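Biologist: I have just opened this one and would like a guided tour. Could you take me through the features one at a time?

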Amino acid sequence: MTGILRPAASTVLLFTALLGLAAPAAMTGIAGVVFPDQAGGSLIEREGKVIGSALIGQAFTQPRYFQPRPSAAGNGYDASASAASQQGPTSAKLADAVRERVAAAGPQPVPADAVTASGSGLDPHISPENAARQVPRIAAARGIPEARVRTLLQQHTEGRELGLLGEPRVNVLLLNLALDTPR
Amino acid sequence: MTLIGWAQIALVLAAVIAAAIPLGRYTAAVAEGRVRWLRPVEALFYRAGGIDPTAEQSWRAYAVAMVAVNAAGFLLLYAILRLQNILPLNPRGLDGLSPWLAFNTAVSFVANTNWQAYSGEVAMSYVSQMAGLAVQNFLSASTGIALALAVSRAFARGGLGSLGNFWADFTRVTLYVLLPLAVVMGLAFVALGIPQTFADYVTATTLEGGEQLIPLGPAAFQVAIKHLGTNGGGFFGVNSLHPFEGPGALVTALQIWGQQVIPFALCITFGRMVGDARQGRTLLLVMLGFVVVATAAIYAAEAAGNPIMAALGVDPAQGNMEGKDIRFGLALAALFTATTTGASCGAVNAMFSSFTPLGGMVPLFLMQLGEVLPGGVGSGLYGILVFALLAVFIAGLMVGRTPEYLGKKVQAREIKLAMLAVLVLPATILGFTAVSMVLPMATASLAHAGPHGLSEMLYAYTSAAGNNGSAFGGLTADTPWLNTTLGIAMLLGRFAYVVPVMAIAGSLAGKVKTPEGSGTLPTHGPLFAGLLAGIILILGGLQFLPSLALGPLAEHFVMLAGKTF
């Protein structure tokens, strides 16, 4: 029996030192030097204060901002509590929630992403169709021409990655930040 | 479904196969001890453990060594999880885990399941993640690959009776295959946005003046091995859906590649080790065929969407978007889902609980087929070899000849052991689900009424026994009953399956190779591929059909009728 204990214990301990401590420490060191921005969470600072991460969605409720997708993370976009609704396709709770959101969303049919909760609860993006529907409201709330909002939207519409992967999308935080930035 | 969606799927699968072929050959060289570029490190492991890497082991000695290293890993991980409050690198000051949750989690990671009854950023310190969970991600993967190499040797060798040396296989696979791949992939992930830092969480002041606590951590390296090792346990709660764990479509494509490449490569390794590349290619093509069909089924179901939503005024153009993020698109979500459940990975980039009933049934069924399409690293290969033995046996019965596979006579002992292994999954899954559906303390965990509730429970035990780890996430899994029984299901699915498989390997290893005759059934080519696919569907799938009829199929017709619960 002792013949098996020594190799088992020493193998697990050595691999813990190598794979669990040395490798991630080296990795963190290299990442911090070569890709400091990404390694640290792609944080965005304005006037020296962190206002969010370019990758993580934020809650927006004021009419002057583009609104993100419904979120089930905490009370909405709680980045420390990522979560989906987990509601199934025949859930009455889901149908009620969607009915309420559709009623508030203007003319039908409504783009699906505007009235369904994202999987992460932190989806930073909305679809270009969803964004386009919000342009008149934002222009009115800010008292600026729709054409100006539309131009900004166009500049912030990202295509597929490598021209092929994923879907076209709009990063809500970056777009709203651009709206707030004086020309 | 769109053409560009299918182009995405085709590109990723082509990249998987293109890489699997050279990687499979390289792994065969590693198995033979011909790869030596980390020789000093490798020698250190042998010296410290008093190991003679050239000593041949019987199947029993090999299996005992495997169980011993996993038991040691379990104890260390359990201790780290319970004691994380007094260990360093705990910037949030998190408490140690409860005994139930620590047991469930430690079993889960040692058994290559990565079922998670916790949310990473809420419950786990950095040291628990990187020195506890991530290490077992590596070691459970190495365990699976080592076992697959041992089983391959049983077919490759004639009459020797031994299967190689577990310590040598285990150490070499970790150092020469998993570690280099994980380092390269980890760095790519950082470049594409996955954090890798020891810094504490950051509080941001949002544009509207609110506060947002942003979690961080040494995630990129752990996420890399989580896919390469088909472990699947997320660093963050919502796994590869979290914007820090799956920042974009390219990352998700790389993750799909990562969770497929080693299982497919091991088919090539097998062909190389038994000296007939066609044998490995046939297994690979059967696996690939199932992946493509399953992806198409999920993609079609999700793109068609939910008619209940359409009736409420939702535009059906985007398909079913509940539980999905925008950046991946439906095509890569479908491919990710088919590969993560076919490959026993369990990472997710969309929430299965919110899939349409048929879209959610496909991942469930893929797991029930025995996690061999292409299966977990190693476990997929030895799993499909069990089906291959059964396929030649049934073919032999049909034509009245003694069945052979690769020159090894397949006899009563092997078939009894193979059936024993194949029965572990249905017995565990259906047994535990049946008991839980009548136990109030178990049904209290369900989030849904109606057929979706049954699907939730069935999915949980299927995922645990299949060592997958994905979930219908509505289920409240952190209870003493579910933590314990799911833990037992994971242990049975891993170890009660492996022991008969190793016994088969031991029995075959002792047999001499008989030369191929005119009456030998060729075990490569389309005829055998079709036979094997049929056996997987019938033996692996048939016993689950009644439960699928009561869960997802029933829900599908309920949905078409517009009824909600």
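Modeller: Let's begin with contacts: two residues are in contact if their C-beta atoms, placed from the backbone, lie within 7 Å. Here, 87 residues of chain A are in contact with 100 residues of chain B. The side of chain A that touches chain B gets its biggest share from α1(A), with 20 residues. Other elements giving two or more residues to that side include α3 (92-104) and α7 (172-180) of chain A. Before we go on, this is a predicted model, where local features need pLDDT of at least 70, side-chain atom pairs count only at pLDDT 80 or more, and totals for chains, interfaces and linings use all residues. Residues are numbered from 1 along each chain as its sequence is written, while chains are lettered from A and ligands numbered from 1 in the order in which they are written.

Biologist: How many nonpolar, polar and charged residues does that side of chain A have?

Modeller: The classes go like this: Ala, Val, Leu, Ile, Met, Phe, Trp, Tyr, Cys and Pro count as nonpolar, Asp, Glu, Lys and Arg as charged, and the others, Gly among them, as polar. On the side of chain A that touches chain B, that gives 46 nonpolar, 32 polar and 9 charged residues.

Biologist: You mentioned α1(A). How many helices and strands does chain A have?

Modeller: Helices (H or I, at least four residues) and strands (E, at least two) are DSSP runs, numbered from the N terminus. Chain A has 7 helices and 6 strands, and their order from the N terminus is α-α-β-β-α-β-α-β-α-α-β-β-α.

Biologist: What radius of gyration does chain A have, against that of a compact globule?

Modeller: The radius of gyration is taken over C-alpha atoms, and the globule rule is 2.2 Å times the number of residues to the power 0.38. Chain A comes out at 22 Å, whereas a compact globule of 183 residues would be near 16 Å. Its C-alpha trace spans about 75 × 45 × 35 Å along the principal axes. Chain B has a radius of gyration of 23 Å, close to the 24 Å from the rule for 565 residues, so chain B is as compact as a globular protein of that length. The secondary structure of chain B comes to 20 helices and 5 strands.

Biologist: Where do buried nonpolar residues gather?

Modeller: In soluble globular proteins, nonpolar side chains tend to be buried together. A nonpolar core is a set of buried Ala, Val, Leu, Ile, Met, Phe, Trp, Tyr and Cys residues joined through C-beta atoms within 7 Å. The largest one has 232 residues, and Phe387(B) and Ala505(B) touch the most other members. Helix α6 (residues 126-156) of chain B gives the most to this core, with 19 residues. Both domain 1 (2-39) and domain 2 (43-180) of chain A give residues to this core, so it lies between them. Not counting residues up to four places away in sequence, Phe387(B) touches Val372(B), Leu532(B), Ile535(B), Ile536(B) and Leu539(B). A second, separate core of 14 residues includes Leu94(A), Ala95(A), Ala114(A) and Met321(B).

Biologist: Last one: which strands form the open sheet in chain A?

Modeller: Two strands pair if DSSP finds at least two bridges between them. In chain A, 3 strands form an open sheet in the order β4-β6-β5, with antiparallel pairing. β4 and β5 (157-158) of chain A stand at the edges with a single partner strand each, so one side of each is left without a neighbour in the sheet. Between β5(A) and β6 (residues 169-171) of chain A there are 2 bridges, and Thr157(A) has Val170(A) as its bridge partner. Pairing also links the chains: 2 bridges join β3(A) to strand β3 (residues 314-315) of chain B, running parallel.

Methods: A residue is buried if 20 or more other C-beta atoms lie within 10 Å of its own, exposed if 12 or fewer, and partly exposed in between; C-beta atoms are placed from the backbone. Domain bounds come from an automatic or database domain assignment.
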